[in-house]
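Here's a quick briefing to read with the model open beside you. Have a look at the fold, then work through the notes below.

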Amino acid sequence: MTTTGAGKTIDVQAFGASAQIQMNAGTELKTNAGNIRVTSGTTGGTPTAGGAITLGVLDARNGTTTQSAWGLVAVQSTGGAILDSAADTVVNLYAKDARLSAGTSVGVQGTTSANALEVDVATLAAAGGTGGINIVDTS
């Protein structure tokens, strides 16, 4: 999915307990310096624990390599993990600033099954639960 025009926003949310969002490896959510928000579960009103979010590519660039001109990205799974759709080195997230928050893990740690999220961001904030955080900054 690609927005037309500059500064447009993409907002994807899966409501309900254990609701998941799954992108295939080649799938892109792309804006022209707009913001992208992907959320599984709810935080306001009656909170529900969302399921895993599996990312393809979230791209908030504007056609330049100047990160300060790119859009913002936020990914939140209130009860699950934020995962990379493929065990590769393809960048999953391009943004000026990114916020990643997961109930269990951001990326996958381990000696045989490790699969980091690859990011190209100026500023990153990440919070993971019991599964920890595994992120590679490619910038």
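Aspartate 120 touches Gln67, Trp70, Val91, Leu93, Tyr94, Ala95, Asp137, Thr138 and Ser139, leaving out residues up to four places away in sequence; contact here means heavy atoms within 4.5 Å. This is a predicted model, where local features need pLDDT of at least 70, side-chain atom pairs count only at pLDDT 80 or more, and totals for chains, interfaces and linings use all residues. Numbering starts from 1 along each chain as its sequence is written, and side-chain values use heavy atoms, with hydrogens and water left out.

**Around aspartate 120**

- You'll find aspartate 120 in strand 13 (residues 117-127); strands are DSSP runs of E, at least two residues, numbered from the N terminus.
- Aspartate 120 is buried but has no salt bridge, and the nearest side chain of opposite charge, arginine 61, sits 5.7 Å away.
- Buried means under 20% relative accessible area, exposed over 50%, partly exposed in between (1.4 Å probe, protein chains only).
- A salt bridge would take a side-chain nitrogen of Lys or Arg within 4 Å of a carboxyl oxygen of Asp or Glu.
- What aspartate 120 does have is a 2.6 Å polar contact, side chain to side chain, with glutamine 67 (N or O atoms within 3.5 Å, one able to donate a hydrogen and the other to accept it; residues adjacent in sequence count only if both atoms are side-chain atoms).

**Strand pairing**

- Strand 11 (residues 93-102) runs parallel to strand 13, with eight bridges joining them; strands pair if DSSP finds at least two bridges between them.
- Within strand 13, aspartate 120 is the bridge partner of tyrosine 94.
- Strand 13 also pairs in the parallel sense with strand 15 (residues 135-137), over three bridges.
- There, valine 119 has aspartate 137 in strand 15 as its bridge partner.

**The aromatic pair**

- The count comes to one aromatic pair, with ring centres required to lie within 6.5 Å, the six-membered ring being used for Trp.
- Tryptophan 70 and tyrosine 94 make it up, edge-to-face at 6.3 Å centre to centre and 75 degrees between the planes (over 60 is edge-to-face, under 30 stacked, the rest tilted).
- The pair links distant parts of the chain, 24 residues apart: tryptophan 70 is in the loop between strand 8 (57-59) and strand 9 (72-77), tyrosine 94 in strand 11.
- Tryptophan 70 counts as buried because its relative accessibility is 6%, and tyrosine 94 does so at 15%.

**Two threonines**

- Threonine 3, in strand 1 (residues 2-6), counts as buried at 16% relative accessibility.
- Threonine 89, in the loop between strand 10 (82-84) and strand 11, counts as exposed at 70%.

How values were computed
Helix = DSSP H or I, 4+ residues; strand = E, 2+ residues; numbered from the N terminus. Lys, Arg positive; Asp, Glu negative; His and termini not counted.
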